[in-house]
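Biologist: Hi, could you walk me through this one? I'd like to go through the contacts and then hop around a bit.

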Amino acid sequence: MNHEKYAQAINDFQNYLRFKPKAANIYNVIGTCYRYWLKQDSSLKYVNKAIELDPDPHYILNRAYTYGAMNRYDLARQDALKAKASGVPIDPGMASELKIQ
């Protein structure tokens with residue numbers, strides 16, 4: 001996906017939040033879009049908001065991916081372990097990189 005499409009997707013999801021401001025899943029999706037767009041600080045802001053609204057372990061794993069993209073491996077490992085403890089499968093590449101069995 002190119003930058004223009006990420007910007008459009010983020011804009012569309014932000015418009016949705018005007019009607020459903022507590023939609024944690026939408027904050028999580030916006031965070032994912034920002035991560036793929038390589039805007040990690042924005043990604044972290046939105047994923048943290050998703051977790052604040054709903055501490056779903058999938059959102060916590062998403063934050064682990066964002067921390068990994070930011071080279072903050074200690075925090076990435078912490079979140080990945082929390083998600084794994086809740087039964088969320090961890091990508092094998094990430095598990096290997098973070099030394100999670």
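Biologist: What does S43 touch, not counting residues up to four places away in sequence?

Modeller: S43 touches G31, Y34, R35 and T66, where contact means heavy atoms within 4.5 Å. This is a predicted model, in which local features need pLDDT of at least 70 and side-chain atom pairs count only at pLDDT 80 or more, while totals for chains, interfaces and linings use all residues. Residues are numbered from 1 along each chain as its sequence is written, and side-chain values use heavy atoms, with hydrogens and water left out.

Biologist: Thanks! Where does S43 lie, and is S43 buried or exposed?

Modeller: S43 is in helix 3; helices are DSSP runs of H or I with at least four residues, strands are runs of E with at least two, and both are numbered from the N terminus. S43 is buried, at 0% relative accessible area. Buried means under 20%, exposed over 50%, and partly exposed in between, with a 1.4 Å probe and protein chains only.

Biologist: Changing topic: how do helix 1 and helix 2 pack?

Modeller: Helix 1 (residues 3-19) and helix 2 (residues 24-36) pack at about 165°, and their axes are 10 Å apart. Axes are lines fitted to C-alpha atoms, for helices over the stretch in contact, and angles run from 0 to 180 degrees between N-to-C directions. The two helices are therefore roughly antiparallel; under 35 degrees counts as roughly parallel, over 145 as roughly antiparallel, 65 to 115 as roughly perpendicular and the rest as oblique.

Biologist: And which residues in helix 1 and helix 2 meet?

Modeller: From helix 1 there are Y6, A9, I10, F13, Q14, Y16 and L17, which meet I26, Y27, V29, I30, C33, Y34 and Y36 of helix 2. That contact is made up of 13 nonpolar residues, 1 polar and no charged. Here Ala, Val, Leu, Ile, Met, Phe, Trp, Tyr, Cys and Pro count as nonpolar, Asp, Glu, Lys and Arg as charged, and the others, Gly among them, as polar.

Biologist: Nice. How many salt bridges does the structure hold?

Modeller: There are 3, a salt bridge being a side-chain nitrogen of Lys or Arg within 4 Å of a carboxyl oxygen of Asp or Glu. R63, D79 and K82 are linked in a network of them.

Biologist: What are the N to O distances there, starting with R63 and D79?

Modeller: R63 and D79 meet at 2.5 Å, N to O. That pair links distant parts of the chain, with R63 in helix 4 (residues 57-69) and D79 in helix 5 (residues 73-85), 16 residues apart. For D79 and K82, the closest N and O atoms are 3.8 Å apart, and both residues lie in helix 5, about one turn of the helix from each other.

Biologist: Are R63 and D79 buried or exposed?

Modeller: R63 counts as buried at 14% relative accessibility, and D79 counts as buried at 2%. K82 is partly exposed, at 44%.

Biologist: What about K49 and E52?

Modeller: Their side chains form a salt bridge at 3.3 Å, N to O. K49 and E52 both lie in helix 3 (residues 40-53), 3 residues apart. K49 is partly exposed at 28%, whereas E52 is exposed at 60%.

Biologist: Last one: what is the phi of L38?

Modeller: L38 has a positive phi of about 65° although it is not a glycine. Most residues other than glycine have a negative phi. L38 lies in the loop between helix 2 and helix 3 and is exposed at 69% relative accessibility.
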